[in-house]
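The sequence and the structure are shown first.

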Amino acid sequence: MIRAVLALVLMLAALPARADVNIKEITSPGGIDAWLVEDHSIPFVALELRFRGGAALDAPGKRGAINLMTALLEEGAGELDSRAFARETEALAASFSYDASQDSISISARFLTENRAEALELLRQSLVEPRFDEEAIDRVRAQVLSVIQSNAKDPSEIAGQQFSSLVFGDHPYGSPLEGTVDSVSALDREDLLAAHDAALARDRLYVSAVGDVTEEDLGAILDDLLAGLPETGAPLPSDADPNLPGGIEVVDYATPQSIVTFAQPGIDRDDPDFFAAYILNHILGGGGFESRLMEEVREKRGLTYGVYSYLLDRDGAQIWMGRVASANDRVAEAVAVIEEEWAKLRETGVTAEELADAKTYLTGAYPLRFDGNGPIANIAVSMQMEGLEPDYIANRNAMVEAVTLDDINRVARELMDPERLTFVVVGQPVGLSGTLN
Amino acid sequence: MRRMFACLILTLAAALPARASDQVTTFTLDNGMDVVVIEDHRAPVVSHMVWYRAGSADEKPGVSGVAHFLEHLLFKGTEKMEPGEFSATVARNGGSDNAFTSYDYTAYFQRVAADRLELMMQMESDRMVNLQISEADIATERDVIIEERNQRVENNPSALFREQASAAQYLNHRYGVPIIGWQHEMVDLGLDDALDYYETYYAPNNAILIVAGDVYPDEVRALAEKYYGVIPANPDLPERMRAQEPRQMAERRIAYEDARVAQPYVTRSYLAPERDSGAQEKAAALTLLAEILGGGTTSLLNEKLQFDTRTAVYTGAWYGGMALDDTTFSISVVPAAGVTLPEAEAALDEVLANFLEEGVDAEQLERIKMQIRASEIYVRDDVGQLANRYGRALTQGLTVEDVQAWPGLLEAVTEEDILAAAREVFAKKNAVTGYITAPEVTQ
């Protein structure tokens, strides 16, 4: 009975909700571009800044400099030492977070309308006038070294690092952005100043703001905040050439559950087949309980708590990767099932029903992302990084809908490459062995 | 009246009420099911959650992990739905769903477009009482939860250490048993164990419905009455009486060695009172105490151990005020290179002793209170967080009034309150001190 009722409700509600986000593209008097969503219902602003480049800009021999520099931005600026800066920030109940990834430096700020000017002045000092005091360098360096040493014994981190090293080799993507004990120990204040000049420049800046601020105010705010940054930074890194030879590499580590990272070559976001590949990945291993990998590895066989795949689109590399974790005595079966599913999807493609289900999920889920100032600011700045226009939000679902069964199955045949599907297994897997170059 | 008011706001400015509590409406169905509606009309999204006042601490002895196991099994079908059909239906409607289990509660949620709320209620109310599973369904899922334990605990020395420390902290209460279960008991969990727990605790009079997002209380009430209101209350629902902690009289110390540890550290946890309905003042003081000692860059432990003496690379303090029974106040110190764990522990004890002598820095207290006031503004951007706040409170012995009184109680805490709470809690006889290290390498 519930089925009939369900079908009725489904029919009545077959259209996805519309994402209704009113983005204004503005340019400040000083020439800084930004996307603004004005919403005065809560008296605060979420501001996102992104600098393209990130930790991949580390100079030769200086691995970890960008990461350490980014961590030090909140450790003293202008007239304020580390503790004074923290006290001022706390007193305003503002929050600033500074994060380096391989491809970008992200600064996320949240501040109240009632003390906006003071909060922005603190943020400005941290970006433009960081002190890099020796005391702070030594203290934060010790924290980073502690993290590096812990990562070296964490099965999940080892899996990520071994995989990156195999696939990306000498490219910056091939090594952890924290650096090594040796490289970080050798960094000095000059290196951090150089990293700051290289990475935080206006020629690679993307900005979004959402919340209680007008267009006019935002323009003035951005000029005050960012005018002191250099116009240009270091050249962006060259592309990587991912090494995905196919096969299995086992890294021996004494832990009960093996961690498996796997990948094959991916696809660029600008490729006309991107949406077909995106839906294809969703059907294969894209989150939720419905993917083929979850069905075969978890639901049918109980081999794992989670298995997933995704299209990784770095600025300098595109790979299609995934992850699974399974007890040492069962992981060989998990790997075999994934290999089988990969080959099967390439050979026989997806069904019309799978495609329809994926489309209703993806188009229905999309508008649900825009549910607060913080999330919208994040999406807006990421879209700029990816070269998208504001009208993408209105058009994106139509691009998903436009993918046909022929498209997706052609892309499955063209893109999926079981021969090059490469596994790195960290643990003590029973019945698996191998090394790769 | 409220509805018209809301429509007016939408038309004029799409504004939210000025305080988070004004977004909240509560009522109770005739069968005893509580309902909380949290309005946020900025996006056409709704979160639909059902929280049960039952968690791992309500399990019978010998079947640890069964509350969490049952949570997984609720996705395995009912008389009307096939295994997996629940999540597949949510996904086909563009939504996502999941569930979580803690010591005191189990909760199920879906996040979907607001116009799909009825379908969610239909399915969630169905599995409240109509679960239908077989031995075959559960064997595979038991393997899944064992892999979940492998991933969360067995592969993670810090998680193993925390389990041992909790077991040492609680002499009698089930908070000493891990939510996911002890491995040796998980492998024997059976269908009868799961169904026994289900039939005991899953009933409308033991549940709270929380709907947050682009909805109005009237429409939620109508739908809730239609789907949940028709389920009879369970007249045999047991009172929630768990074995309580006795007087704790002996300091406990544990030492855990694991070759996968790269960074040794020391933890200290004290048994502490939790937030009690109508009497949350002491918990409010402990909440501020945790902020003062370990809450941020300018916390006292950071000041003394990271900045002044360079004894530590990291410090933190936490107080788990939201709990049905006695909770913990805990502190961690990660020592700097060259500092031993006994030295780090001694430095920690010195900070605590001096704090009790010297008292609270008034400016620090004012900064913390400013942040608490601001968090009531920021939380309005995240109805999911508000929904969790109410769900956790209502499953852990608090009322809506307690939740709404809490920011004011935090604001009212004085230095004397904080010191009195600290003196009461910081007693070694109530404490577990833990060292986690790698084994020494023998030549």
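## Overall fold of chain A

In this predicted model, residues 24 or more positions apart account for 83% of the contacts in chain A that have a separation of 6 or more. Chain A contains 16 helices and 13 strands. Its radius of gyration is 24 Å, close to the 22 Å given by the globule rule for 437 residues, and chain A is therefore as compact as a globular protein of that length.

The C-alpha trace of chain A spans about 65 × 55 × 35 Å along its principal axes. Of the 437 residues in this chain, 51% count as buried.

## The enclosed helix α2

Helix α2 of chain A covers residues 65–72, and eight of its eight residues are buried, so the helix is largely enclosed by the rest of the structure. The buried residues are A:Ala65, A:Ile66, A:Asn67, A:Leu68, A:Met69, A:Thr70, A:Ala71 and A:Leu72.

The elements of chain A that cover these buried residues include the strands β6 (95–100) and β7, together with the helices α5, α7 (181–186) and α8 (189–199).

## Contact between chains A and B

In the interface, 60 residues of chain A are in contact with 62 residues of chain B. On the side of chain A that touches chain B, the elements giving two or more residues are the helices α1 (2–12), α3 (82–92), α5 (134–151), α11 (292–299), α13 (352–365) and α14 (373–385), and the strands β7 (104–112) and β12 (317–327).

By residue class, this side of chain A divides into 29 nonpolar, 18 polar and 13 charged residues.

Definitions and conventions:
Residues are numbered from 1 along each chain as its sequence is written. Chains are lettered from A and ligands numbered from 1 in the order in which they are written. This is a predicted model: local features need pLDDT of at least 70, side-chain atom pairs count only at pLDDT 80 or more; totals for chains, interfaces and linings use all residues. Two residues are in contact if their C-beta atoms, placed from the backbone, lie within 7 Å. Helices (H or I, at least four residues) and strands (E, at least two) are DSSP runs, numbered from the N terminus. Ala, Val, Leu, Ile, Met, Phe, Trp, Tyr, Cys and Pro count as nonpolar, Asp, Glu, Lys and Arg as charged, and the others, Gly among them, as polar. A residue is buried if 20 or more other C-beta atoms lie within 10 Å of its own, exposed if 12 or fewer, and partly exposed in between; C-beta atoms are placed from the backbone. The radius of gyration is taken over C-alpha atoms; the globule rule is 2.2 Å times the number of residues to the power 0.38.
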